[in-house]
Amino acid sequence: MITIAISKGRMQDDAIALLAEAGVRLSAAALASRKLALEDESGNYRFIFVKPADVPVYVEHGIADCGIVGRDVLLESAADVLLPLDLGIARCRLVVAAIDPKVITRAFGMLRVATKYSRIAGSHFGTRGIPVEIISLSGSVELAPALGLSDAIVDLVETGRTLQENGLKVVEIITESTGRLVVNRASYQLKSDEIGQLTDALERVIQGVNAK
Amino acid sequence: MLLSKLPSGMRYYLGAEARLRRSVEDTAMSVFEGWSYEEVLTPSVDYYALFEQGMGVTEAQSSFRLTDSDGRMLSLRPDVTSSVARVAATLLAESKRPLRLCYAAPVFRQQQQSHAEWRRENTQLGCELIGVGGSATDLEVLLLAAEILQRIGLGESFCVTINDVGIFNGLVGELNLDDTSREHLRRLIDTRDNTELGNTLKQLSITASTRQSIASLTQLTGKRDVLERAQAVIANKDSLAAVSKLVDLWNVIESLGLEKAFEVDLADVSSLDYYTGLSFKVYVRGVGYRVGRGGRYDGLTANFGRAEPAIGFVLNLDSLVEVLGRTNASNGTNGNDVQTIATSELTNTFAEALGRRRKNEKIRIGSNE
């Protein structure tokens with residue numbers, strides 16, 4: 001049995017659809033239930049649904065053999081997991097945004113950055129030698145500059161609408177993020193056949209999508 | 001200050017778990033002894049500079065540091081190998097080769113909280129074979145590690161993956177990369193991040209065949225067929241020489257009927273600065289991270305003024321005990337055949353106690369109540 005941890009929320013439906021195409025299907029009854037741990041129709045896979053930031057935790061500890069989670073979350077967690085496959089789902093960008101884009105170059109003293117991604121933000125500005133004060137928030141980050149809590153934000157952007165509506169402009173793109181298949185190091189060796197089957201099936205689906 | 005609280009990454013061992021831990025340690029040490037390894041005890045505190053030399057700067061930085069009275073930096077030992085290499089090159093410089101040394105000793109490293117490897121104190125069961133190189137010594141330590149894992153009761157639930165760092169070094173050496181780019185490439189292979197690896201390789205001006213060989217490393221995990229595929233896809237001379245060394249090893253492993261316990265993993269490129277040839281990792285069902293690692297480090301003793309071949313490995317006792325404790329819950333009790341001696345008159349009580357102890361009986365001094 002292979003346990004797959006899936007990020008609840010944004011990525012959940014895409015991940016389930018992709019797995020179904022790869023032959024790992026949840027029954028309608030299972031999908032309708034509110035259980036956080038489910039078995040697929042074949043009984044070979046167990047799904048667990050957890051918060052995005054917890055997916056790398058379950059996988060690194062080997063409680064889940066693999067997981068589906070965004071690259072943004074992986075970069076922030078610094079978990080020691082393998083990431084063999086880009087699933088191409090939930091594509092978005094991790095950006096620096098501000099009301100006035102020039103603030104980044106003007107605030108030589110100390111730039112205040114509000115974000116849910118304090119590790120990524122810290123290392124992004126760190127490599128540029130820009131001194132920053134990171135203000136860790138857990139949501140509605142776009143509010144911070146308008147209210148004067150910060151000069152800029154680092155956040156995930158899909159369409160850019162939320163930024164626009166809060167008067168923010170993209171200053172720079174830190175990186176792209178898509179849903180990734182992550183695998184526990186020990187599972188990769190000790191359950192190599194099962195993991196190999198799953199990654200091969202997913203890879204075929206993704207290549208099919210790209211070919212269209 | 002809350003005195004009931006333990007610092008993070010520290011723990012107690014009590015009762016059955018403590019007994020299991022001791023018995024696993026005893027088994028490992030008896031296997032080392034069975035292959036003629038001599039136990040060595042090294043200081044718990046040593047100069048930080050020793051570990052910087054022995055482990056490399058990055059690894060040594062995880063150590064707990066303190067200052068000696070003369071201002072020099074000391075460290076709680078984050079590994080044992082550094083110290084063993086030093087003793088081999090100095091105190092044992094004139095001793096007959098090969099040296100076969102083993103140890104069971106706690107090491108201390110800072111760990112980030114909430115990660116799978118959370119312990120900051122780990123006992124390493126380890127050995128070093130110093131002064132003679134060649135495939136016989138590679139096989140000796142591989143088989144020794146496998147014997148320990150079998151004898152402590154892991155049966156078929158472990159896997160030792162083998163690689164030769166010459167494969168990566170040969171392929172990447174061609175590219176003349178700076179340290180940062182090389183490390184970036186290494187990390188992408190280590191995490192099997194095929195997407196980013198592909199992107200990175202695309203940006204380098206290299207031939208399509210070199211690009212393909214490097215990208216293929218993340219796919220080359222398995223048994224014999226992996227080595228054959230590697231020979232087909234790799235053109236670099238040094239890398240191919242390293243692959244053929246693995247083929248020779250694998251032939252013997254197969255002839256001995258041990259191929260179930262071993263696997264080839266060409267994507268295992270961690271600790272490259274440290275190892276110079278064979279490198280291997282140990283995985284056990286029920287633990288998410290590697291419970292052991294080893295390999296050849298022919299450059300190590302040169303740090304202490306005497307270059308000679310060396311190979312060794314460590315197993316993490318605490319992780320092994322954790323998984324064994326979960327699988328066989330009944331690991332003996334402490335209460336069998338105990339003679340309870342009531343405390344009546346003290347001389348009589350303890351005369352009886354000593355009498356029974358002379359016969360090696362297990363006793364417990366009871367109370368009057």
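Modeller: An axis here is a line fitted to C-alpha atoms, and an angle runs from 0 to 180 degrees between N-to-C directions. The model is predicted.

Colleague: At about what angle does helix α1 of chain A run to β1(A)?

Modeller: Helix α1 covers residues 12–21 of chain A. It lies across β1 (2–7), β4 (66–70) and β11 of chain A. To β1(A), helix α1 runs at about 145°.

Colleague: What is the strand order of the open sheet in chain A?

Modeller: The sheet has six strands, with mixed pairing. From one strand to the next, the twist averages 25°. The order is β2-β3-β1-β4-β11-β5.

Colleague: Which strands of chain A stand at the edges of that sheet?

Modeller: An edge strand here has a single partner strand, so one of its sides is left without a neighbour in the sheet. Two strands of chain A are placed like this: β2 (37–39) and β5 (82–86).

Colleague: Which residue is the bridge partner of Leu85(A)?

Modeller: Three bridges join β5(A) to β11 of chain A, residues 179–183. These two strands run antiparallel. In β11(A), the partner of Leu85(A) is Leu181(A).

Colleague: What share of the residues in chain A is buried?

Modeller: A residue counts as buried if 20 or more other C-beta atoms lie within 10 Å of its own. Chain A has 212 residues. The buried share is 41%.

Colleague: How far apart are the C-alpha centres of domain 1 and domain 3 of chain B?

Modeller: Domain 1 of chain B comprises 12–151 + 285–334. Domain 3 of chain B comprises 337–369. The distance between their C-alpha centres is 41 Å.

Technical notes:
Residues numbered from 1 in each chain as written. Chains lettered and ligands numbered in written order. Predicted model: local features only at pLDDT ≥ 70, side-chain atom pairs only at ≥ 80, totals over all residues. Buried ≥ 20, exposed ≤ 12 C-beta atoms within 10 Å, placed from the backbone. Domains from an automatic or database assignment. Pairing = 2+ DSSP bridges. Helix = DSSP H or I, 4+ residues; strand = E, 2+ residues; numbered from the N terminus. Contact = placed C-beta atoms within 7 Å.
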